[in-house]
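User: Please take a close look at the aromatic rings in this model and explain how they pair.

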Amino acid sequence: IGVWHSCLETSHMTFSGQAQDKHTHQNEKCRKIQMANITYVGDEDGMDHSGFEKVTQILQLEHVGLNHCEFWGMSGPTCPNATWAHNDRGEEGTVMYKQNFHGIGSYLNEHHVKFYGEEKHAIDHMGGMVRHKFDHEEDQDFFDCSYDANLKGLMCDTRQNEYRSAGGEDKSGWTSAYNDFGTYYLVKDMAHCKFCQDYTCKDYRKGFYTNLWGLGAIKKISCAKVEKIEDEAVRMAVCENKCKTNSGPSRNGLIKDFCPNVCGACMK
């Protein structure tokens, strides 16, 4: 649940079955672009149709991207020249589109959801939503995602199959089918992405000593042990305790200074 950004990705695109060199990227690091906004599906109270079950298993993934205006029958004054944060596509001749994917958490694996989607809507120059005319001719798209607690991220394999034609309306001119697919490591907080050059949020790997809540009992603990505290309120309280290292030059501070990932104290 939440907004997820690209930390590491490998992606590729084909047009009419032919590989496209400019759309071939392996291990692209720290792109930062928003790839998914995941929410629960339910009524205004978050309940299912019965009104008795809180929805925690049925989810929606919203994906936002940019596309060529001509692919949507837009040009000149009708092209919104859309932009999107961290997207490397220029603003000239672009339109923003949104696509909703839906998935159900499996009884077999609570950390895995495969999202399926098809219909796409672009935002025109007036702010209105325009559905693409050829969704029904395309294969179903998907985001196949698994959550990894150690990496604090989603691992998603994706595929989008698109059909486009001249003017975005008919088949009288050129036509093209393209496939856009890849594998992505997504994080909510880019401070957790160790592939960024400015990544400084690292947990202290060795043990350290603390007098929890000043009770007089000196305990040797580690960031890994703090992370195992399931109750978040208790874990955050532990993070506020003073501690010191006992290897190399002695260092003093709060536990959250030594365990920023575990304590949610990474840079924003």
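**Aromatic rings**

One aromatic cluster is formed by Phe15, Phe71 and Tyr178. The model is predicted, so local features need pLDDT of at least 70 and side-chain atom pairs count only at pLDDT 80 or more, while totals for chains, interfaces and linings use all residues. Residues are numbered from 1 along each chain as its sequence is written, and side-chain values use heavy atoms, with hydrogens and water left out.

Rings of Phe, Tyr and Trp (its six-membered ring) pair if their centres lie within 6.5 Å, and planes under 30 degrees apart count as stacked, over 60 as edge-to-face and the rest as tilted. By this rule there are eight aromatic pairs. Among them, Phe101 and Phe143 are edge-to-face, because their ring centres are 5.0 Å apart and their planes stand at 70°. Phe101 belongs to strand 6 (residues 94-104) and Phe143 to strand 9 (residues 141-148), so this pair ties together parts that are 42 residues apart in sequence; strands are DSSP runs of E with at least two residues, numbered from the N terminus. Phe101 is buried at 0% relative accessibility, and Phe143 is buried with a relative accessible area of 2%, where buried means under 20%, exposed over 50% and partly exposed in between (1.4 Å probe, protein chains only).

Tyr185 and Phe195 also form an edge-to-face pair, with 6.4 Å centre to centre and 85° between the planes. Tyr185 lies in strand 11 (residues 175-187), whereas Phe195 lies in the loop between strand 11 and strand 12 (208-211), so the pair ties together parts ten residues apart in sequence. Tyr185 is buried at 9%, but Phe195 is partly exposed at 28%.

Key:
Helix = DSSP H or I, 4+ residues; strand = E, 2+ residues; numbered from the N terminus.
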